[in-house]
Amino acid sequence: MKHGTRSPSDIRSIFSTNLRILCEQHPSVSDLSRKLEINRTQFNRYLSGESFPRPDILDRICSFFDVDARILLEPVETLWDRETILNGSFLREFIGAPVSDLPPQKLPSGLFRYSRSSFLKPNFYISGLVLIFRGRENTTYVRYFEPCETLQFQGLRTHKDLREFRGYAVRHDEGISIVCTRKAAKISQFTFIARTPLAETEFWSGHITRGGREERHDPPLTRIVYEYLGKNTGQILATARKSGFLNASDLEPFHRYLLKADES
């Protein structure tokens, strides 16, 4: 059925279906109707499709659930960003709270310098920049580009789509987990880091592993360091210029210490 040909009963039906789905995020319809300041009996009529809200009530509902007026015409799942997957009813108690409650004190937004052992080139390290930022529903997102040099080493093109990784960060009691994937989920990486006690305002260290077909020479797990650069333009530019393969001697001193490079 095309837009513009829906009858009032069709619109009431779409709205009531969407509203019931939105209500699934909340444990109690009574509590929800109180928060919306809508009479419970009247709210039940909206849920059943018997009635439709006035424009001001509709605006209140849309603002509360952070959706727009397309709630009248389209299935509600098309109105949300994909981050709702993490905060939806199935995963909310397992991932939703930790992914939307990662305070900046545990992991600030901004650019970080990372260093880790190379998965592909023995006795070499990789350094680059990674961006941490907050999105809707306070989800903590992660974005970075694999250095061109590492793709060239594999004989691959250095196109942006092959280099870019995106993901999200999740709070744990003992640290932070980061799940990232290349476009179309071609390669996935899992990182666990914790704040370093010796420099608790700037450094996080832990391990990183990647998913994919196991190769004979690929280590399944390696150490990684994150260093918060903040607005230090000089360090950001220096890191960008040095991104790629490094010898242990080229690593920043504290990165080399945390990676235990001198013990290799």
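A residue is called buried when its relative accessible area is under 20%, exposed when that area is over 50%, and partly exposed in between. The model shown in these views is predicted.

View 1. Of its 264 residues, 39% count as buried. The accessible surface of the protein comes to about 15,000 Å². Carbon and sulfur atoms account for 53% of that surface. Among contacts between residues at least 6 apart in sequence, 52% join residues at least 24 apart.

**View 2. Helix H1 covers residues 8-23.** This helix has 16 residues and reaches 22 Å from its first C-alpha to its last. The span is close to the 22 Å expected at 1.5 Å a residue. The buried residues of H1 are Phe-15, Ser-16, Asn-18, Leu-19, Leu-22 and Cys-23. An α-helix has 3.6 residues a turn, so residues three or four places apart point the same way. Which helices do the buried residues of H1 pack against? They pack against helix H2 (29-36), helix H3 (40-48) and helix H4 (55-65).

**View 3. Helices H2 and H3 pack with their axes 10 Å apart.** The angle between H2 and H3 is about 105°. H2 therefore counts as roughly perpendicular to H3, because angles of 65 to 115 degrees are classed that way. On the H2 side, the contact is made by Val-29, Ser-30, Leu-32, Ser-33 and Leu-36. On the H3 side, Arg-40, Phe-43, Asn-44 and Leu-47 take part.

**View 4. Val-29 lies in helix H2.** Is Val-29 buried, partly exposed or exposed? With a relative accessible area of 26%, Val-29 is partly exposed. Not counting residues up to four places away in sequence, Val-29 touches Arg-40, Phe-43, Asn-44 and Leu-47. Val-29 and Arg-40 are 11 residues apart along the chain, and their C-alpha atoms are separated by 8.0 Å.

**View 5. Arg-60 is found in helix H4.** Its relative accessible area is 29%, so Arg-60 is partly exposed. Which residues does Arg-60 contact, leaving aside its neighbours within four places in sequence? The contacts are with Leu-36, Glu-37 and Ile-38. Arg-60 and Glu-37 are 23 residues apart in sequence. From C-alpha to C-alpha, Arg-60 and Glu-37 are 9.2 Å apart in space.

**View 6. Cys-62 and Cys-180 are shown as two buried cysteines.** Cys-62 has a relative accessible area of 8%, which is under 20%, so this residue counts as buried. Cys-180 also falls under 20%, at 4% relative accessibility, and therefore counts as buried. A disulfide is a covalent bond between the sulfur atoms of two cysteines. How many disulfides does a search of the whole structure find? The search finds zero.

**View 7. Asn-123 has a positive phi although it is not a glycine.** The phi of Asn-123 is about 70°. Where is Asn-123 placed? Asn-123 is in the loop between strand E1 (110-117) and strand E2 (125-134). Its relative accessibility is 69%, which is over 50%, so Asn-123 counts as exposed.

**View 8. Lys-260 has a positive phi of about 55°.** Lys-260 is not a glycine. The place of Lys-260 is in the segment after helix H10 (253-258). At 36% relative accessibility, Lys-260 counts as partly exposed.

Technical notes
Residues numbered from 1 in each chain as written. Predicted model: local features only at pLDDT ≥ 70, side-chain atom pairs only at ≥ 80, totals over all residues. Heavy atoms only, no water. Helix = DSSP H or I, 4+ residues; strand = E, 2+ residues; numbered from the N terminus. Expected span 1.5 Å × (residues − 1). Buried < 20%, exposed > 50% of the residue type's maximum accessible area, 1.4 Å probe, protein only. Contact = heavy atoms within 4.5 Å. Areas by Shrake-Rupley, 256 points an atom, 1.4 Å probe, with all protein chains shown as cover. Disulfide = S-S within 2.5 Å. Axes fitted to C-alpha atoms, helices over the stretch in contact; angles between N-to-C directions. Parallel < 35°, antiparallel > 145°, perpendicular 65-115°, else oblique.
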